[in-house]
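Welcome, and thanks for taking a look at this one with us. Here is a short briefing to read alongside the structure.

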Amino acid sequence: GNFYGLTNAGGNNTYGTLFRLTPAGVYTVLKHFNYSTDGANPRGHLVQGKDSSFYGITYKGGTYGYGTIFKMTKTGTFSVLRHLNVTTDGVSSYSSLTEANDGSLYGMTYSGGTYNTGTIFKITKAGVYSIVRSLNTTTDGASPQGDLIKGSDGNFYGSCYTGGSKGNGTIFKLTTSNGTFTVLRHLAAQTDGGNPYGNLFQNTDGVLYGMNRTGGAGTAGTAFKISTAGTFTLLHSFVATTEGSAPNGGFVKGNDGNFYGMTSADGVYANGTVFRMNSSGTVTVLVSFYGAKNGNMPQESLVKAKDSAYYGTTSYGGAYGYGTV
């Protein structure tokens with residue numbers, strides 16, 4: 001019933017921490033990252049495996065300086081599964097890991113690989129690592145900054161932040177059985193939105209919902225849906241001044257059937273928003289972030305807890321200027 005998370009910086013060594021937070025707000029640091037031995041500056045979020053341990057990726061540090069893949073138990077026992085090497089693995093990941101049906105973990109790197117524009121990889125919990133695909137900018141998309149999600153059909157779905165035939169990123173499918181990679185959509189900034197940063201969300205009808213950080217009618221980003229066969233529908237173009245802009249995370253579905261998400265900038269106080277969107281794309285702003293009062297610039301997704309409330313983090317603001325929960 002507790003929350004487990006990470007910080008990108010700070011802690012005893014300034015390279016970030018892993019923490020536990022109770023629903024009552026009791027906060028415990030479980031790990032202070034050491035640059036060379038542990039990795040540094042983790043991005044994304046922790047993922048709990050079927051073995052109850054948590055898994056994650058650091059953006060920097062480790063033996064080669066380009067990040068690590070790690071495991072942590074609930075009590076804080078920490079171990080590195082892989083020190084990422086630029087020539088063989090792909091490096092500098094913004095993403096989180098996703099567990100496959102066989103217990104292996106899949107993830108993406110922002111750069112490195114054959115074309116130096118990122119990779120999709122697989123790692124077992126014993127640390128056996130393999131590249132599933134080296135991303136090619138024009139044909140595949142490049143520099144992914146979101147997560148893979150496991151679809152109801154057993155395949156993985158994800159997005160690339162840049163590249164593709166139109167240069168604004170792609171949405172793709174990856175089969176786990178044989179590693180077949182298929183681009184479902186080459187994003188066009190004005191009509192689709194572009195530069196997706198967060199993860200997709202699959203609704204009960206099998207359709208995927210997501211957000212683009214840029215583009216759309218007002219260039220403030222968009223919300224969309226896409227079928228697993230590639231049929232794309234633009235649902236909403238964000239209005240920067242009132243709704244916020246640059247959504248970085250993904251959607252969470254509420255008990256009411258609506259979708260909940262966040263923007264990282266603009267809105268009434270220019271610090272981002274929390275909003276609700278119905279299935280037809282109508283957006284209602286619920287919270288406008290206001291600096292010292294409640295934080296600003298949320299970079300991740302909301303989490304719906306057992307009490308049906310939504311929990312989240314901001315990257316700046318709050319009483320000390322370094323973010324809030």
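Strand β5 (residues 47-48) and β6 pair in the antiparallel sense over two bridges; two strands pair if DSSP finds at least two bridges between them. Helices (H or I, at least four residues) and strands (E, at least two) are DSSP runs, numbered from the N terminus. Please keep in mind that this is a predicted model, in which local features need pLDDT of at least 70 and side-chain atom pairs count only at pLDDT 80 or more, while totals for chains, interfaces and linings use all residues. Residues are numbered from 1 along each chain as its sequence is written, and side-chain values use heavy atoms, with hydrogens and water left out.

- Six of the seven residues of β6 (residues 54-60) are buried, where buried means under 20% relative accessible area, exposed over 50% and partly exposed in between (1.4 Å probe, protein chains only).
- Between β5 and β6, five residues complete a hairpin, and Ser-52 in the turn has a positive phi of about 75 degrees.
- Gln-48 sits opposite Phe-54 of β6.
- β6 also pairs antiparallel with β4 (residues 40-42) over two bridges, and there Ala-40 is opposite Lys-60.
- Four bridges link β6 to the antiparallel strand β7 (residues 68-72), with Lys-71 of β7 as the bridge partner of Tyr-55.

- Asn-41, a residue of strand β4, has a positive phi near 55 degrees.
- Asn-41 counts as buried because its relative accessible area is 12%.
- Thr-14 has a positive phi near 70 degrees and belongs to the loop between β1 (3-7) and β2 (17-21).

**The sheet from β13 to β16**

- Here four strands make an open antiparallel sheet, ordered β13-β14-β15-β16.
- Its edges are β13 (149-150) and β16 (181-186), each pairing on one side only.
- β13 and β14 (residues 156-160) run antiparallel and are joined by two bridges, and Ile-149 faces Tyr-157 of β14.

**The largest nonpolar core**

- Twelve residues form this core: Val-207, Tyr-209, Met-211, Ala-220, Ala-223, Leu-235, Phe-238, Phe-251, Phe-259, Phe-275, Met-277 and Val-283.
- At least two of the core residues come from each of β18 (208-212) and β23 (273-277).
- A nonpolar core is a set of buried Ala, Val, Leu, Ile, Met, Phe, Trp, Tyr and Cys residues joined through side-chain atoms within 4.5 Å.
- Beyond its neighbours within four places in sequence, Met-211 has contacts (heavy atoms within 4.5 Å) that include Phe-238, Phe-251 and Phe-275.

**Asn-212 in β18**

- Which strand holds Asn-212? Asn-212 lies in β18, and Asn-212 counts as buried because its relative accessibility is 0%.
- Apart from neighbours within four places in sequence, the contacts of Asn-212 include Leu-187, Asp-192, Thr-222 and Pro-247.
- Asn-212 and Gly-249 are 37 residues apart along the chain, and their C-alpha atoms are separated by 9.3 Å.

**The cavity**

- There is one cavity of 30 Å³ or more; on a 1 Å grid over the protein atoms alone, a cavity is a set of points where a 1.4 Å probe fits but cannot get out, and lining residues have an atom within 4 Å of a point.
- The largest cavity holds about 30 Å³ of space.
- Its lining includes Ser-159, Met-211, Phe-224 and Gly-249.
- That lining divides into four nonpolar, five polar and no charged residues, with Ala, Val, Leu, Ile, Met, Phe, Trp, Tyr, Cys and Pro counted as nonpolar, Asp, Glu, Lys and Arg as charged, and the others, Gly among them, as polar.
- Grid points are joined across faces, edges and corners, and a volume is the space filled by probe spheres set on the points.

Definitions and conventions: 1 Å grid on protein atoms, 1.4 Å probe; cavity = no way out; pocket = protein on both sides within 12 Å on 5 of 7 lines; lining within 4 Å.
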